[in-house]
Amino acid sequence: MSQYVDLTLLGTTFLTLFVIMDPPGLLPVYLALTSTQTQKQRRQAAVQATLTSFSVKFVFAVFGQYILQFLQISLPSLQVSGGLLLLLVSLDLLTGKDEGADERNTKNNVALVPLATPLMAGPGSIVAIMVAAQRSENTLASWVSIGAALLGVHFILWLSMRFADVIHKLLGDDGTLLVTRLAGMLLAAIAVEIMASGVFTFIHDLL
C-alpha cells in the first residue's frame, strides 16, 4: 500500500486543506450567495464551484513552481504572504466578519466568483497545496496522495453545499458558529506555521 500511497502526506495535506477551506464555515456564505436561486441552480453552482476550485489547485500543485519562477517569486515569499492572508482570514472567522456574504449580485456567476475563487481556492489553500507538492519526494505515491487529498476535500465541500440546508438545520446557528470559531483558531495556528516556515527557509537560503 505504501508503494502507491503516502498515508502521512495524504493525512497532513487533507487536514490542512480541510481546515483552510472550512466546509462548515462555507455553508452560511454559500446559502447567502445562492439565496435567490432555485434548487436546481444551487446544485449547479455547487458542482461548478467545486470543479473550478479543484482545477485551480491542481494547476498550482503541478505547475505552481514554474509559475513562481516565471514571475520571479520565491516559495518562502509566497508562504509568508499566504500565511499572513490566512491569519487575516482566521481573524475574520474568529470575529464573525464575512465579506463574501455581502456579495449577492445574481447577475454574476457566484459559483466562480466569489465562491470558487477566492473563498474556496484562495491564497492559503494554494500555498498549502504547493508546499505539499514541494515537500513531496516527487514519486507516484506522493502525487497519488496529494491528488487523493484534493479529491477528498472537494468531495466533502460538494457534499456540504449539496446538502447545505439539511446540515445547517442539524447544526443550527449556534453549532455552525461554534464550528466556524474552532476552525478560525486552527487556521490561525496553521498560518503561523506557514509564515515561520517561510521565514526560516528564507534565512537558510541567504546563509
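Phe58 has a relative accessibility of 44%, so this residue counts as partly exposed. The model is a predicted one. Phe54 is partly exposed too, with a relative accessible area of 22%. Why is Phe54 not buried? Buried would need a value under 20%, and Phe54 has 22%.

Phe54 and Phe58 sit four residues apart in helix 3, so about one helical turn separates them.

Helix 1 holds another such pair. Phe14 and Phe18 are four residues apart there, again about one helical turn. Phe14 is partly exposed at 24% relative accessibility. Phe18 is partly exposed as well, at 27%.

The count of aromatic pairs is three. Two of them are set out here.

| Pair | Distance between ring centres | Angle between planes | Class |
|---|---|---|---|
| Phe14 and Phe18 | 6.1 Å | 25° | stacked |
| Phe54 and Phe58 | 6.2 Å | 15° | stacked |

Both pairs count as stacked because planes under 30 degrees apart fall in that class.

A charge also meets a ring. Arg162 lies over the face of Phe163, 4.9 Å from the ring centre.

Now the core. In soluble globular proteins, nonpolar side chains tend to be buried together. Here the largest nonpolar core has 43 residues. Leu17, Tyr30, Leu115, Met120, Ile129, Met130 and Met161 have the most contacts inside it. Among the elements that give two or more residues are helix 1 (7-21), helix 3 (39-71) and helix 8 (164-206). Helix 6 gives the most, with eight residues.

What does Leu115 touch, leaving out residues up to four places away in sequence? Its contacts are Leu26, Tyr30, Leu33, Ala49, Val110, Met120 and Met161.

Technical notes:
Residues numbered from 1 in each chain as written. Predicted model: local features only at pLDDT ≥ 70, side-chain atom pairs only at ≥ 80, totals over all residues. Heavy atoms only, no water. Core = buried A, V, L, I, M, F, W, Y, C linked by side-chain atoms within 4.5 Å. Buried < 20%, exposed > 50% of the residue type's maximum accessible area, 1.4 Å probe, protein only. Contact = heavy atoms within 4.5 Å. Phe/Tyr/Trp six-rings, centres within 6.5 Å; stacked < 30°, edge-to-face > 60°. Lys NZ or Arg CZ within 6 Å of the ring centre and 35° of its normal.
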